[in-house]
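Here are a few notes to go with your first look at this one. Have the sequence and the 3D view open while you read.

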Amino acid sequence: MSNIVAIVGRPNVGKSTFFNRLIEKRQAIMDNMPGVTRDRHYGYAEWCGKFFTVIDTGGYVTGSEDKFESEIRKQVKLAIDEAAAVIFMVDCRDGLTGFDKDFANLLRASKKPIFVAANKADTPDKTILASEFYALGLDGEVFPVSAENGSGTGELLDELVKIFPTEGVEDPDAGTPRIAILGRPNVGKSSLLNALLGTERSIVTDEAGTTRDAIHSRYKMYGQDFILIDTAGVRKKGKVKDDIEFYSVLRSLRALEECDVCIVVIDAERGMEAQDVNIISLAQRQGKGMVIMVNKWDLIEKDSKTSEKFRKEILEKLAPIDYLPIIFASVLNKQRIFQVIEKAVQVFGNKTKKIPTSQINDAILPEIARYPPAATKGKLIQIKYITQVTARFPSFAFFCNLPQYIQESYQRFLENKIRENFDFEGVPVRLIFKKK
Ligand code: GDP
Ligand code: GDP
C-alpha cells in the first residue's frame, strides 16, 4: 500500500484547512505555472524526508443533512479503498458529537491505522478538551492540533509517517498523462465525463454543480493511470450568452495549459468550427498532444464513405496540421468512448518517447542523401547528424553547416520523414537547425 493518507470527518471540523497546511509547501513547488490555481482534493506532502499523498475527502460533503449518512459512508469507503492511514478529524470546541461516533464506528471496522486529530486546539486551554475524544474508543493517541496555526501538527505527522514503509515518491503524478476534454458548449464534454465516471472508479470524483475551475481526477483504466482535467463541470452563471462563452474559452485555455494531451470534442452535425481550429492551433503551438473526437456520430446518416468524407473535411480545415487521430464516437450509444481515452494515452506515449540517436540517423540520413536540401546562393547544404533533444514535446536537432538556409518546404519534408519512420501520431514535432 502506497503512502496515502485520507482526512475524514464531518463538515466544518477543519479538514480542508489541515489539508492545505499539509500540501502547502510541496504545492508551491509543483504549481510552477503562474496564475494557475489548482483546486484538487488530493495533494502531496512531505514530512521528515517521507513523501506522501493526502486525500481531502471533505470535497465530497456538500449536501444537506439527509445526504449526510451516505456521504459519511462514501468518505469512509474512499479512505478504506485508497489510503494506508486515516486522519480522523474532530473539533475540540464542539466536543464529541453523535456524527463523530458514527464515523468512528465505521472507521474501526476498516482496520486501517487511525489518527484522531482534535482540531481547533489553538490555545493550551483548548488542548485539554482533546482528551474527551478518547471516549471514541479508537486505538492510539488523540492529537490536539490547530490546522489554523499549526500547533500540534508536528507530533501527529511524526507518528503518521512511521506507518509508511517507504520514503515515497516526490511527484507521484510524474509520468501520468494529464488529459483535458475541450470543445465548444454542447458538444458533449460533460456527457463524456459522466460516461467515464459511471463505469470506472476514480480516486477523486466530484459532485456536479461545483464552481471549481479545473478539477483533476485520477483514473485507472486498462491498467493505465491518467488524470482527467475537467472543466465541463464548472457552472459559472453568466448573465448573458457572451459571458458564458467567455468563461468557456477561459476554462479551455486553462485546462489546455495544464494538460499533456487534449481531447478536442466536436459535434458531428456542426463539424469543425473556427473556434475548434483556434484551440487546435494553440495546442500545437504549446506542444500538446491531441485527439479529435467527433461526437454525436449517432445523429449522422452514414454509408461506407461517410467517415472518410468527414476525415477529409476536418483535415482540410486543419491544414497543414495532418497528424491528429480522429475518432468517430457517440457518448449516447457508448460507442468508442474508451477508444478515445486509449488513444489519448497512446498519444501521451508518443509525446514522451525518446528515439535513440543511432535509430534517427539510420532512418533519416539516407532520406536526406536521396533528396538533399537545395543549394542556396551556390552553397552546398549538408546535414551531418540528428538527435532528439530533451523538451516538453518531441524536438529534433539537425546539425548542419548552414542552418539558416534550410527552407520551410524542406523542413516539412524532414518532418514527414520523421513521422513516416516513427510514430508521433497526435503530437507536434519540432525541428531545430544548429550549426556544426
Ligand atoms: P472542513 O469542512 O472540515 O473541510 O472544514 P474547513 O477547513 O472548511 O474549516 C471550517 C471552519 O473552521 C473554517 O471557518 C476554518 O477557518 C475553521 N478552522 C479550521 N481549522 C481551525 C483551527 O485550527 N482553529 C480555529 N479556530 N478554526 C479553524
Ligand atoms: P457540453 O456542454 O459539451 O458539456 O455538452 P453536454 O454533455 O452537456 O451535452 C450537450 C447535449 O448533447 C446534451 O443534450 C446531451 O445529451 C447531448 N449529447 C451528448 N453526447 C451525445 C451523443 O453522442 N449523441 C447525441 N445524439 N447526443 C449527445
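This is a predicted model: local features need pLDDT of at least 70, side-chain atom pairs count only at pLDDT 80 or more; totals for chains, interfaces and linings use all residues.

1. With seven of its seven residues (289-295) buried, strand 11 is largely enclosed by the rest of the structure.

2. So who sits beside it? Strand 10 (residues 261-267) pairs with strand 11 in the parallel sense, over seven bridges. Look for Cys262, which stands opposite Met290 of strand 11. Helix 8 (residues 274-285) belongs with these two strands in a right-handed β-α-β unit.

3. Strand 11 also pairs with strand 12 (residues 326-328), again in the parallel sense, over three bridges. Here Met293 has Ile327 as its bridge partner. To get from strand 11 to strand 12 the chain passes through helix 9 (residues 306-318), and this β-α-β crossover is right-handed too.

4. Now the ligands. Ligand 1 has 15 residues around it, with Gly14, Lys15, Ser16, Thr17 and Glu148 the closest. Helix 1 (residues 15-30) is the top contributor to that shell, giving three residues. Sorted by class, the shell has eight polar, four charged and three nonpolar residues.

5. Which residues come nearest to ligand 2? They are Gly188, Lys189, Ser190, Ser191 and Leu332, out of 16 around it. Helix 6 (residues 189-199) supplies the largest share of this shell, three residues. By class you'll find seven polar, six nonpolar and three charged residues there.

Technical notes. Residues are numbered from 1 along each chain as its sequence is written. Chains are lettered from A and ligands numbered from 1 in the order in which they are written. A residue is near a molecule or strand if its C-beta atom, placed from the backbone, lies within 6 Å of it. Helices (H or I, at least four residues) and strands (E, at least two) are DSSP runs, numbered from the N terminus. Ala, Val, Leu, Ile, Met, Phe, Trp, Tyr, Cys and Pro count as nonpolar, Asp, Glu, Lys and Arg as charged, and the others, Gly among them, as polar. A residue is buried if 20 or more other C-beta atoms lie within 10 Å of its own, exposed if 12 or fewer, and partly exposed in between; C-beta atoms are placed from the backbone. Two strands pair if DSSP finds at least two bridges between them. A crossover is right-handed if, with the strands pointing away from the viewer, the path from the first strand over the helix to the second runs clockwise.
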